[in-house]
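Here's a walk through a protein–DNA model, one feature at a time. Have the structure open and follow along.

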2 protein chains.
Amino acid sequence: MPGNVNLRRITLRDVAKEAGVSINTASRALNNKSEISPETKARVLEVAQKLGYRPNRLARALRSNKTKIIGVIVGDIANPYFAMLIQGIEHALRSFDYSVILQGTDEDLDREKQAIEVVLAEQVDGVLITPTQKSIKPVKFLIDSGIPFVLMSRYFDDLETSFVIMDDKQGGFIATEHLIQKGHKRIAMINGPFHISSAAERYTGYLQALQYYGLEGDESLVVHGCLTVKDGYRVALRLLKRRRRPTAIFAFSDFVALGVLQAAHKLALKIPDDLAIVGFDDTFLSVCTYPPLTTVGSSPEQLGQRAAKLLLELLSTKADKPVQMRIPARLVLRGST
Amino acid sequence: MPGNVNLRRITLRDVAKEAGVSINTASRALNNKSEISPETKARVLEVAQKLGYRPNRLARALRSNKTKIIGVIVGDIANPYFAMLIQGIEHALRSFDYSVILQGTDEDLDREKQAIEVVLAEQVDGVLITPTQKSIKPVKFLIDSGIPFVLMSRYFDDLETSFVIMDDKQGGFIATEHLIQKGHKRIAMINGPFHISSAAERYTGYLQALQYYGLEGDESLVVHGCLTVKDGYRVALRLLKRRRRPTAIFAFSDFVALGVLQAAHKLALKIPDDLAIVGFDDTFLSVCTYPPLTTVGSSPEQLGQRAAKLLLELLSTKADKPVQMRIPARLVLRGST
DNA sequence: TTGTATGCGTTATCAA
DNA sequence: TTGATAACGCATACAA
């Protein structure tokens, strides 16, 4: 780490001069181009090393139209699900010399548009986004812009884009199935906002499981629109105070399940005896509670990694046909069921 | 949102030509420079608007040596404390047209060095960092590099840098004082790694409070080195299984306190009757548990915001003397004490 | 295999 | 008040 405060930054020109070659030869040496003799290349590399040359990414980006930066847009950074997603992305991109510019939308449409404008303004090479799905417009805008992007966790049925999502329908099914097999008959679902594809699909899976096992659904046991711990707490409290209360709750996410757990504790219900709870996403939260949460999914980190890798492929191959991945959900048994 | 796929991006030259002025006049108009007639300026602005001109940040950055990007380096993005910190930063920077490049260190020294190299390579205008403090080197390197930066949450006693931290000593004091006033005599502390300034200072505050109120400390009730929920769980379990177990635990963070809570539930201890718990940081976690956590601090979001604003000031004023802020800690009473 | 020269889109320095 | 022109550091078409 040569920390040269005063010295001007070493440029390619410096390296070239010192190595006694043209600036262009130096460039080729450093970029692993083929048309160059091994000796020259070695010499240039050595000099570059000696001088502590660091390419100016700005200049390179300006010239090559590639910033090596990826725009990442998620709902809420403080939500553990997104935090883990981001970690996975960062992890996957690190080794490929890509950086991440982060934007949060707070699940707000205007903020989503704004976030997209920002990352486009930064001329990122690609975008990873969890769309709010409050409108299809921002994503359409992304398509029109021509920039490669991958949707994460959510997708649009009527839009031909690349995405990496969970198999949410299946996830909803196995979560519900599990509760049924544990003997539960009154299974509530505290679901996310219905315009979000994952919420809609998990709900479908829930219904299918009930039907498959011959249980009749009870619409009054289903609440949509919950995203936060507070939502989960509030709704669970209401459901659990009913006369014929549910004996099991399938929550949209671990985050929401945390609120359910809180409500259960508040009402002094024993978990899982008085109430069984299944979360979703398999975030670290699910092992942080007492009892630990039974949950469905596969680590958000993995989803983030896959989305990042997919985007990189899209960037390199220029393949124009969208790639769509559904990660199978699995049940992670812990103490809450 | 004019989404022009095919069309070449509008440049300053286009605007200039269309407005019938020189490229340079156009530049002045768009950058609010003074030496320009109001009419010309108005015309240029209008044309720019009509054409949907977006300045190329890369070119601008290359020329002006200002990327309008801030490097943010934190321990662990998935830790709610850091997640909230990041949110605060993002929030504060958004309105000033700065973007954020994010790097996580996992509290690892090599990764910290690497992260710094990355943000420097991206030529960020400034850095916000929560140093691992496993070594002073990375921060020294930052100093040598000449780039403006602000330490967050942690500082080095023997280093003259700008920082924004909590008043951790005071925080440790009031947390402990609160427990003492609740009648507790055997107060354990599950502390963070001692090389981290906040851990060291909270411990000092803890000791001072004990002394101030005439309680004698018991070294066996103090454990350093805990950062995660799992750490908190493991250590709390051990402490609580002792014959003479503590009746209160002061945890290094809400995150650690979550583990303590888990252990308490596991042992079927009633909170706060059998065991009182105080967390630290006032993260959203503290309202997500049952019972909600009494905690100390002031929202990490605020700290992030202040650090970001301070950095912006440093960037604009070029003031060379470090600015150091200590945010007073306050006790947030909730259900766990 | 190597070097020369040009341009990426800005901002800044000078003259006009 | 304006305009021509030179950078910024790099990559690349083309010539040698």
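Let's start in a loop of chain B: B:Ser153 sits between strand S4 (149-152) and strand S5 (163-166) of that chain. Bear in mind throughout that this is a predicted model. B:Ser153 has a positive phi, about 70°, even though it isn't a glycine. Most residues other than glycine have a negative phi.

Is B:Ser153 buried or exposed? There are 26 C-beta neighbours inside 10 Å of B:Ser153, so it counts as buried.

## An exposed asparagine in chain A

Chain A has a positive phi to look at as well: A:Asn32 comes in at about 55°, and it is not a glycine either. You'll find A:Asn32 in the loop between H2 and helix H3 (38-51) of chain A. A:Asn32 has 8 C-beta neighbours inside 10 Å and therefore counts as exposed.

## Cis prolines

Next, the peptide bonds. Most of them are trans. In chain A, though, A:Ile271 and A:Pro272 are joined by a cis peptide bond, with omega about 5°. A:Pro272 belongs to the loop between H11 and strand S9 (276-278) of chain A.

Chain B has a cis bond too, joining B:Ile271 and B:Pro272, again with omega about 5°. Here B:Pro272 is in the loop that runs between helix H11 (254-266) and strand S9 (276-278) of chain B.

## From A:Arg9 to A:Ile271

While you're at A:Ile271, look across to A:Arg9: the two are 262 residues apart in sequence and 62 Å apart in space, C-alpha to C-alpha. A:Arg9 lies in the segment before helix H1 (12-19) of chain A. With 12 C-beta neighbours inside 10 Å, A:Arg9 counts as exposed, so file it that way.

## Around DNA strand C

Now for the DNA. DNA strand C has 26 residues around it, and the closest are A:Thr25, B:Leu12, B:Asn24, B:Asn56 and B:Ala59.

Which helix gives the largest share of the surface near DNA strand C? That's H4(B), with five residues. Sorted by class, the surface near DNA strand C has nine nonpolar, eleven polar and six charged residues.

## Around DNA strand D

DNA strand D is surrounded by 26 residues, the closest being A:Thr11, A:Leu12, A:Asn24, B:Ser22 and B:Thr25. On this surface, H1, H2 and H4 of chain A and H2 and H4 of chain B each supply at least two residues.

H4(A) gives the most here, with five residues. The surface near DNA strand D divides into nine nonpolar, eleven polar and six charged residues.

## Where the chains meet

How many residues of chain A are in contact with chain B? The count is 41 residues of chain A, in contact with 41 residues of chain B. On the chain A side, H4, helix H5 (80-94), strand S2 (99-104), H6, H7 and helix H11 (254-266) each give two or more residues. H5(A) gives the most to that side, with six residues. By class, the side of chain A that touches chain B has 24 nonpolar, eleven polar and six charged residues.

## Two helix pairs

Two packed helices are described by the angle between their axes and the distance between the axes. In chain A, helix H6 (residues 109-121) and helix H7 (residues 137-145) pack at about 20°, with axes 9 Å apart. H6(A) and H7(A) are therefore roughly parallel, and their crossing is right-handed. A:Glu112, A:Lys113, A:Ile116 and A:Leu120 in H6(A) meet A:Pro138, A:Phe141, A:Leu142 and A:Ser145 in H7(A). That contact has five nonpolar, one polar and two charged residues.

Over in chain B, the axes of helix H10 (residues 229-240) and H11(B) come within 7 Å and cross at roughly 45°, which makes H10(B) oblique to H11(B). The crossing of H10(B) and H11(B) is right-handed. Among the residues making the contact are B:Tyr233, B:Ala236, B:Leu237 and B:Leu240 of H10(B), and B:Phe255, B:Leu258, B:Gly259 and B:Gln262 of H11(B). By class, the contact has twelve nonpolar, three polar and three charged residues.

How values were computed: Residues are numbered from 1 along each chain as its sequence is written. Chains are lettered from A and ligands numbered from 1 in the order in which they are written. This is a predicted model: local features need pLDDT of at least 70, side-chain atom pairs count only at pLDDT 80 or more; totals for chains, interfaces and linings use all residues. Axes are lines fitted to C-alpha atoms, for helices over the stretch in contact, and angles run from 0 to 180 degrees between N-to-C directions. Helices (H or I, at least four residues) and strands (E, at least two) are DSSP runs, numbered from the N terminus. Angles under 35 degrees count as roughly parallel, over 145 as roughly antiparallel, 65 to 115 as roughly perpendicular and the rest as oblique. A crossing is left-handed if the near helix is turned anticlockwise from the far one by less than a right angle, and right-handed if clockwise. Two residues are in contact if their C-beta atoms, placed from the backbone, lie within 7 Å. Ala, Val, Leu, Ile, Met, Phe, Trp, Tyr, Cys and Pro count as nonpolar, Asp, Glu, Lys and Arg as charged, and the others, Gly among them, as polar. A residue is near a molecule or strand if its C-beta atom, placed from the backbone, lies within 6 Å of it. A residue is buried if 20 or more other C-beta atoms lie within 10 Å of its own, exposed if 12 or fewer, and partly exposed in between; C-beta atoms are placed from the backbone.
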